[in-house]
Number of protein chains: 2
Amino acid sequence: MKFGIIGGGSWATALAKILTDNKNSIYWWMRSETSIKYILSRGHNPQYLSTVYFNTGLLHLTSDVSTLIKNSDCIIIAVPSAYADVALQELDKNIFQGKKIISAIKGILPEQNLLLNDYLAQHFDVELKNYFAILGPCHAEEIASEKLSYLTFSGIDQETTHDISTFFKTAYLNTVLNHDIYGVQFAATLKNIYALGAGIAHGLDYGDNFLSVLIANSADEMAGFLRKAGIKNVEVGTIEHNPITRNDPASGIRRETTNYAASVYLGDLLVTCYSLYSRNRTFGNMIGKGYSVKAAQLEMNMVAEGYNASRCMYFINQKIHAEIPIAETIYQILWQNMLPSEGFAKIEETLV
Amino acid sequence: MKFGIIGGGSWATALAKILTDNKNSIYWWMRSETSIKYILSRGHNPQYLSTVYFNTGLLHLTSDVSTLIKNSDCIIIAVPSAYADVALQELDKNIFQGKKIISAIKGILPEQNLLLNDYLAQHFDVELKNYFAILGPCHAEEIASEKLSYLTFSGIDQETTHDISTFFKTAYLNTVLNHDIYGVQFAATLKNIYALGAGIAHGLDYGDNFLSVLIANSADEMAGFLRKAGIKNVEVGTIEHNPITRNDPASGIRRETTNYAASVYLGDLLVTCYSLYSRNRTFGNMIGKGYSVKAAQLEMNMVAEGYNASRCMYFINQKIHAEIPIAETIYQILWQNMLPSEGFAKIEETLV
């Protein structure tokens with residue numbers, strides 16, 4: 001399998017490191033010609049994870065997406081979810097035929113309010129069996145410093161999911177197999193909302209006791225949503241639910257079977273909620289302290305993922321009808337001018 | 001109901017604050033006559049939560065346990081689990097007849113390897129229907145500063161559990177009802193083991209990505225144990241499992257129905273694992289850094305709860321036969337001279 005990575009940010013750079021550490025020659029797209037020249041001449045990305053040095057002999061850098069796609073079997077899309085549409089919209093409708101697409105996007109395309117697989121199905125006729133997602137609790141900085149991390153590879157074609165994962169297994173990266181392709185993507189979106197909520201709670205001066213209750217109840221709310229919205233409830237003729245399969249240490253294969261306490265669900269929620277430096281946490285903290293959304297965005301000069309995510313999930317849940325009072329209240333605080341203190345007085349009532 | 005509290009530490013002091021904030025006159029036992037005199041003359045406990053001032057008109061302080069028990073309907077036992085036996089062993093075998101006992105002990109009696117209810121049944125013929133537990137993610141310091149917290153009241157007699165909880169509901173304390181009396185006590189024990197494990201991981205220089213995977217998998221392991229060991233599998237003729245009952249905000253009653261993401265299970269695990277200042281975390285960190293158990297204990301001048309807990313749960317699980325590889329490996333590291341790095345290499349293989 002030949003891999004191509006679309007994206008020049010820190011997560012794309014981490015994935016390029018993993019694949020080239022395994023001696024894979026890769027195509028790598030980024031918009032900036034300056035960055036491309038810099039990487040080729042100096043061996044590292046000037047803007048992201050700049051401590052990571054590459055064997056440039058393994059890198060085919062390009063600023064033309066079509067070139068990358070034509071030369072790759074597996075295309076990893078690793079741009080921020082808000083930019084995926086811009087990066088892909090000019091491409092030929094048939095360009096992804098015969099290719100495997102791997103999403104490394106953490107969230108829903110906000111303009112379209114779609115998961116990437118649904119966007120690709122609409123615009124490029126990509127079938128779900130050719131679509132995979134790499135997700136899990138994985139700060140790119142810890143990949144850069146080779147701290148042991150776990151990434152989950154999800155796809156309904158279990159054999160190919162496993163084949164893809166083998167290219168990523170390294171001394172510092174363990175791989176987990178999963179086939180709940182909708183669930184893992186929704187979880188990656190929801191966790192940003194709950195992390196933003198944890199930030200608001202902190203800004204409102206709640207303590208650690210309350211925070212742990214809020215995050216535990218958020219985990220439960222997320223699991224409740226995923227039970228209704230995950231792959232089990234999606235019409236996919238080919239999927240065969242495997243029985244409880246244990247890890248097989250001999251072959252190095254580890255599987256989770258829609259266990260909502262697994263790293264791709266609960267682990268990712270925890271690392272995001274308890275990270276003191278995340279944008280969601282910082283943004284939420286400002287909202288809790290009384291900043292307006294506009295003022296917080298200007299102050300931070302960026303958008304926290306949970307902000308758009310709360311709106312996306314609010315509308316998606318109009319069809320799913322899961323009980324998600326925490327996520328919905330955060331939507332109301334951010335988008336419908338509900339006072340944070342009033343919203344949390346409501347949330348307090350739902351917690352156990 | 002007249003309450004008596006046995007114990008003079010920070011958690012006993014927090015419970016005394018809650019009950020007296022609700023204008024309940026209470027009996028309060030502590031060993032130290034000096035502390036008793038100090039509290040009566042100065043209005044606060046000199047050693048624990050010293051910022052909490054009491055209405056001393058509501059306090060009947062005594063250093064005689066029998067006096068307290070005779071004058072109370074509900075006896076709250078809030079001494080460290082290792083001292084419960086010492087505090088109670090001289091008492092008359094029938095002294096608890098007609099009384100309700102409320103455990104505020106977080107863990108198993110280490111010498112006897114028994115939950116407090118089983119100890120009380122053996123030594124004082126206390127029936128399970130007269131036994132209750134107060135547990136949940138609740139640092140006493142945050143009760144002292146009146147940060148909103150949630151405590152779970154567990155008992156198989158649901159009506160009395162509810163009645164007891166009403167004495168504790170305050171502006172800063174929400175109460176949750178539960179009847180999984182074995183499960184909540186095992187959870188309170190297991191969480192200390194997992195927090196100690198998180199400390200070892202930190203000492204071994206794993207990063208935040210790994211820590212979130214470890215804690216998420218610990219949550220799953222705990223739920224797996226509780227499914228086998230919780231009240232559902234204990235012979236109690238009187239219990240009737242209530243169907244999924246939602247909170248009733250009108251009456252202020254909130255229930256959880258053996259939902260392992262609730263605050264008393266997952267919430268307590270999170271607050272313990274993510275608390276940087278906990279003894280379990282500090283102790284584990286030293287073990288991970290290469291200290292022997294003996295050296296770590298001497299250095300800290302105290303025992304981390306998770307140390308004894310790992311041994312207790314190891315032996316208890318010989319009967320339950322749950323799969324608890326994380327907890328068992330921590331037992332082997334602490335009690336059987338397994339190298340921390342070797343133990344964690346084993347744990348790594350089980351994580352998803």
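Select the residues of chain B that touch chain A, and then the residues of chain A that touch chain B. In this predicted model, 100% of the interface residues of chain B are also interface residues in chain A, so the copies meet through the same surface. Chain B contributes 44 residues to the contact, and chain A likewise contributes 44 residues.

**The interface**

Keep both chains displayed, with the contact residues shown as a surface. The size of an interface is often given as the accessible area lost when the parts come together. Here chain B and chain A bury about 3,600 Å² between them, and carbon and sulfur atoms account for 54% of that area.

Next, show the side chains at the boundary. Side chains of opposite charge can pair when their charged atoms come close. Two salt bridges are found across the interface of chain B and chain A. To view a salt bridge between the chains, select Asp205(B) and Lys147(A), whose closest N and O atoms are 3.6 Å apart. Polar contacts between chain B and chain A can be displayed as well: they number 18 residue pairs, counted with both residues at pLDDT 80 or more.

Which elements give two or more residues to the side of chain B that touches chain A? They are the strands β7 and β8 together with the helices α9 (208-229), α10 (263-273) and α15 (340-350), all of chain B. Colour α9(B) separately, for with ten residues it gives the most to this side of chain B.

Eight strands make up an open sheet with mixed pairing, and its order is β3-β2-β1-β4-β5-β6-β7-β8 (chain B). At the edges stand β3 (59-62) and β8 (173-178) of chain B, each of which pairs on one side only. From one strand to the next, the twist averages 20°.

Turn to α2 of chain B by selecting residues 33-42. This helix packs on the sheet, where it touches β2 (26-29) and β3 of chain B, and its direction makes about 160° with that of β3(B).

Within the sheet, select residues 74-77 and 100-103 of chain B, which are strands β4 and β5. These two strands run parallel and are joined by four bridges. Which residue of β5(B) stands opposite Cys74(B)? The residue is Lys100(B).

Then select residues 181-203 of chain B to bring up helix α8. Helix α8 lies across β5, β6 (131-135), β7 (149-154) and β8 of chain B, and it runs at about 40° to β6(B).

**Chain A**

The open sheet of chain A has eight strands in the order β3-β2-β1-β4-β5-β6-β7-β8, with mixed pairing. Its edges are β3 (59-62) and β8 (173-178) of chain A; each has a single partner strand, so one side of each is left without a neighbour in the sheet.

Follow β8(A) to its partner β7 (residues 149-154) of chain A: the two pair in the parallel sense over six bridges. Helix α8 (residues 181-203) of chain A lies across β7 and β8 of chain A, among others, at about 40° to β6(A).

For the last stop, select Lys17(A) and Asp21(A), whose side chains meet in a salt bridge at 3.0 Å, N to O. Because these residues are four apart in helix α1 (residues 10-21) of chain A, about one helical turn separates Lys17(A) and Asp21(A). Over all chains, a search of the whole structure finds 14 salt bridges.

How values were computed:
Residues numbered from 1 in each chain as written. Chains lettered and ligands numbered in written order. Predicted model: local features only at pLDDT ≥ 70, side-chain atom pairs only at ≥ 80, totals over all residues. Heavy atoms only, no water. Pairing = 2+ DSSP bridges. Axes fitted to C-alpha atoms, helices over the stretch in contact; angles between N-to-C directions. Contact = heavy atoms within 4.5 Å. Buried area = accessible area lost by both parts, 1.4 Å probe. Salt bridge = Lys/Arg side-chain N within 4 Å of Asp/Glu carboxyl O. Polar contact = N/O pair within 3.5 Å; in protein donor to acceptor, adjacent residues only side chain to side chain.
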